[in-house]
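Let us read this model together, one feature at a time. Have the sequence and the coordinates open.

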Amino acid sequence: MSETIRVGLAEVKVSGNSSVLTCIGLGSCVAVIMHDPVAKIGGIAHVMLPGRAPEKRADMPGKYAYTAVELLLEEMEKSGASRERISCKIVGGSNMFKIQAGPSGEVPKGYPRSVSIGERNVAAVESSLREAGLKISAEHTGGNFGRSVFFYVETGKVEVTSITVGKVVI
Amino acid sequence: MGKKGKEYSGLQVDAFSEVCNICAGHAAVALSKIVDTKVEISVPIARVLPLPEVTEAFGGSETLAAGVYMRVEGPCPGSIILLLGRESAKSLIEHLTRKLDKRELSERESLSAFQEIGGMLLGSYLNALGQVTGYKFKPLVPAVTIDMAGAIIGTILADLEGIESRVFNVETKFRVSNEEITGYIIMFPDEGTLEKITKRLGVPVE
């Protein structure tokens with residue numbers, strides 16, 4: 001029997017063989033998925049914001065791209081994964097709200113920052129993974145629609161579902 | 001909430017909820033004028049939710065929803081959203097097109113109409129909030145989307161300032177009589193906003 005583990009906003013969870021890790025309803029958030037196919041260890045960080053957790057608010061490291069990636073990697077290694085074998089996939093980072101962009105695609109004045117936070121989250125996650133020396137093997141990011149993620153730790157298969165594009169396996 | 005372990009007093013929460021009740025009343029009147037039918041509202045529910053659970057709290061993360069979102073600036077910043085199930089939003093737009101005897105709207109037009117209605121409702125909510133408290137609430141441009149409720153809520157939480165592991169919100173449920181239209185107006189104050197508003201209302205700070 002496979003166990004389904006839900007990873008909520010700002011959470012970082014690592015699990016072993018036969019589990020399915022999921023994030024339901026990712027908008028601008030990014031799911032950082034790490035997998036060690038040999039040790040059969042997998043984990044997801046559900047990142048909400050770019051940057052890193054301010055020190056005085058270190059109780060939510062998983063909320064911010066850089067600290068989330070560090071924590072996820074640490075938890076993966078603690079569970080027996082080897083950094084050399086870890087492959088990463090990233091999903092999410094959409095710009096959820098439909099707005100009329102400016103002539104060069106910029107966000108016009110008067111909109112909240114969340115209208116463009118998706119792409120900034122993706123950029124921050126990519127750069128923090130690069131800093132950690134990890135490679136991204138696949139991604140399903142951007143657009144203006146929400147997604148759900150189902151990550152099968154045993155095989156490393158990642159299913160992405162959304163209203164707009166249906167089911168995609170990456 | 002942002003500060004670790006900080007709690008609001010029962011009196012503060014009650015006072016803030018009461019203010020939200022008045023504001024929701026104004027929004028309901030605005031909606032009832034738009035749809036020409038009675039609109040009922042629930043007693044507001046104030047909740048403090050752990051961050052990972054917030055997206056699940058309004059009808060389930062995967063429920064298809066339509067949302068009009070306004071970020072509010074000024075001395076009491078926060079975020080406010082009108083959230084309807086997709087079918088409710090559709091019924092609302094159909095009801096209006098019937099009333100105005102218009103041809104069927106395209107998807108784009110429907111979304112734009114929904115954005116307008118949302119802007120009006122949230123506008124009257126904030127207007128009332130300004131009248132009750134004497135503070136100025138400056139909404140940014142309303143943003144609209146139709147998608148999974150969890151994805152919508154998760155995205156707007158990115159705008160909250162000073163809110164870390166726990167999120168305070170006040171939700172009011174409304175229902176348009178004789179129509180299958182129900183929805184929520186949800187207010188998410190930034191850190192410090194609830195204190196400011198309740199202090200203005202004379203609630204002692206503990």
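Q: Where is the place of S114(A)?
A: Helices (H or I, at least four residues) and strands (E, at least two) are DSSP runs, numbered from the N terminus. S114(A) sits in the loop between β6 (87-92) and α2 (117-131) of chain A. This is a predicted model: local features need pLDDT of at least 70, side-chain atom pairs count only at pLDDT 80 or more, and totals for chains, interfaces and linings use all residues. Residues are numbered from 1 along each chain as its sequence is written, chains are lettered from A and ligands numbered from 1 in the order in which they are written, and side-chain values use heavy atoms, without hydrogens and water.

Q: Is S114(A) buried or exposed?
A: Buried means under 20% relative accessible area, exposed over 50%, partly exposed in between (1.4 Å probe, protein chains only). S114(A) is buried, at 0%.

Q: Which residues does S114(A) touch?
A: Contact means heavy atoms within 4.5 Å. Not counting residues up to four places away in sequence, S114(A) touches F97(A), Y69(B), T155(B) and D159(B).

Q: What joins the side chains of S114(A) and D159(B)?
A: A polar contact of 2.6 Å joins them. The term means a pair of N or O atoms within 3.5 Å; within protein, one must be able to donate a hydrogen and the other to accept it, and residues adjacent in sequence count only if both atoms are side-chain atoms.

Q: How many helices and strands has chain B?
A: Chain B has six helices and eight strands. From the N terminus, the order is α-β-β-α-β-β-α-α-β-β-α-β-β-α.

Q: What share of chain B is buried?
A: Buried residues make up 58% of its 206 residues.
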